[in-house]
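Take a moment with the model first.

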Amino acid sequence: MTTQKLADRVAIVTGAGGGLGAECARVLASHGARLAIVDINEEAALSVAEELKRAGHEAIAIQTDVSSESDVKAMIERVEESFGQIDILHNNAAVLSVEQRKLDRDICNLDMAAWDRAIAVNLRGAVLCSKYAIPVMLKRGRGSVIFATSGLGAQGDLSLTGYASSKAALNMLPKLVAAQYGKLGIRGNAVQIGLAPSENAHSSMPTELLDILRDNHLTPELGTPRQIADVVAFLASDESSFVTGTTVVADGGFGSHTPSLVAMREFFAKSGGGSM
Ligand SMILES: NC(=O)c1ccc[n+]([C@@H]2O[C@H](COP(=O)([O-])OP(=O)(O)OC[C@H]3O[C@@H](n4cnc5c(N)ncnc54)[C@H](O)[C@@H]3O)[C@@H](O)[C@H]2O)c1
C-alpha cells in the first residue's frame with residue numbers, strides 16, 4: 001500500500017543502486033519522500049534515480065563511497081543543497097560482492113583486507129553518514145536514522161567474520177543515536193533482516209544453501225525486498241514515533257527458534273509422530 005506519510009520528507013538511502021536499498025528507495029518515494037540515491041556504483045545509482053523520476057518522484061543520484069569521509073561530507077552537502085533538508089537516513093550500504101564473501105572467512109583463515117573492508121564500508125560508512133546527516137536533521141528538530149543489520153550480527157556462524165562483526169556493532173548505533181539526540185527529535189533504529197534474496201548478494205548462492213536457509217525461516221518462503229522496505233518505511237515515518245534505540249527484527253523467525261528445530265521437524269516427519 002502506498003500513502004503520503006512521507007510527503008514532506010527527504011530521504012537518503014545508501015547502497016540504493018540495487019537490491020534492498022533500491023527497493024527501500026522505491027517504497028519511500030511511493031510514500032511521498034524525495035530521495036537521494038547513494039551508491040559507490042554511479043551507473044546503478046543513476047538508473048534507480050531515473051526510474052523514480054519516470055514514475056513521477058523527485059530523486060537525485062550521488063556517487064559516494066560511504067567509507068570515505070570526504071565523499072560522505074560532499075554527499076550530505078549536495079543533498080542539503082538540492083532539497084534543503086534531510087529527514088531520513090537509511091544506512092543500507094554493505095560490501096557483499098562474491099570476492100569479498102570468499103575472503104571474509106572464519107577467523108583463522110580471514111583475509112585481513114576483507115575484514116578491514118567490511119568494517120570500513122558496513123560500520124564506518126554508517127557512522128560517517130550519521131555524523132554528517134544528523135546535524136542537518138537537527139536544524140529542523142526531527143530525523144530518523146535507520147541501520148541495516150543481520151541475524152549474522154546476533155548469532156555465530158561458520159564464516160563472514162568481518163561482516164558479522166560489523167553488523168553486531170550496528171545494533172549499538174541506534175542506541176547511541178537515541179541516547180545522544182533523542183531529546184532533540186532524532187530517532188535511531190536498526191532492522192535485523194532475515195534472508196530476503198537480492199540479485200547481487202544472493203544470485204551466486206547455490207540452491208541447496210537457499211533450501212537450508214528457507215527451512216530455518218518460520219515463514220513459508222524467504223523474505224522479499226518489499227517486505228524489508230515496508231519495515232524501513234514504517235521506521236522512517238511518524239507511525240513509529242515512539243520506537244527508538246532498538247532493533248526491529250524482520251527475519252521470518254530465523255532467529256526465534258531453537259537450534260534443533262529443523263532436525264526435530266525432520267525427525268517427527270520420519271517417525272510420523274506429532275506435526276511440526
Ligand atoms: N538481502 C538480504 O537477505 C539481507 C539479509 C541481511 C542483511 N542484509 C543487509 O541489507 C543491506 C542490503 O543488502 P543487499 O542484499 O541489497 O545487498 P546488495 O549487495 O544487493 O546491495 C548493496 C549495495 O551497496 C553498494 N555499496 C557497496 N559498497 C559501497 C560503498 N563503499 N559505498 C556506497 N555503496 C556501496 C553496492 O554497490 C550495492 O548497490 C546490507 O546492509 C545487508 O547487509 C541483507
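Q: Which polar side-chain atom lies 2.8 Å from an oxygen atom of the ligand?
A: This is a predicted model. A polar contact needs a pair of N or O atoms within 3.5 Å. At 2.8 Å from a ligand oxygen atom, the side-chain atom belongs to Lys 167.

Q: How much of the ligand's accessible area does the protein cover?
A: On its own, the ligand has 820 Å² of accessible area. The share of this area that the protein covers is 93%.

Q: Which of the 27 residues around the ligand come nearest?
A: Here a residue is near if one of its heavy atoms lies within 4 Å. The shell has 13 nonpolar, eleven polar and three charged residues. Those that come nearest are Asp 39, Tyr 163, Ala 196, Ser 198 and Asn 200.

Q: Which helix gives the largest share of the lining of the largest cavity?
A: The count comes to one cavity of 30 Å³ or more. Its lining residues include Val 121, Asn 122 and Cys 129. By class, the lining has five nonpolar, five polar and no charged residues. The largest share, five residues, comes from helix H5 (residues 112-140).

Note on methods:
Residues are numbered from 1 along each chain as its sequence is written. This is a predicted model: local features need pLDDT of at least 70, side-chain atom pairs count only at pLDDT 80 or more; totals for chains, interfaces and linings use all residues. Side-chain values use heavy atoms; hydrogens and water are left out. A polar contact is a pair of N or O atoms within 3.5 Å; within protein, one must be able to donate a hydrogen and the other to accept it, and residues adjacent in sequence count only if both atoms are side-chain atoms. Accessible areas come from the Shrake-Rupley method with a 1.4 Å probe; for residues, only the protein chains shown count as cover. Ala, Val, Leu, Ile, Met, Phe, Trp, Tyr, Cys and Pro count as nonpolar, Asp, Glu, Lys and Arg as charged, and the others, Gly among them, as polar. On a 1 Å grid over the protein atoms alone, a cavity is a set of points where a 1.4 Å probe fits but cannot get out, and a pocket is an open set with protein on both sides within 12 Å along at least five of seven lines; lining residues have an atom within 4 Å of a point. Grid points are joined across faces, edges and corners, and a volume is the space filled by probe spheres set on the points. Helices (H or I, at least four residues) and strands (E, at least two) are DSSP runs, numbered from the N terminus.
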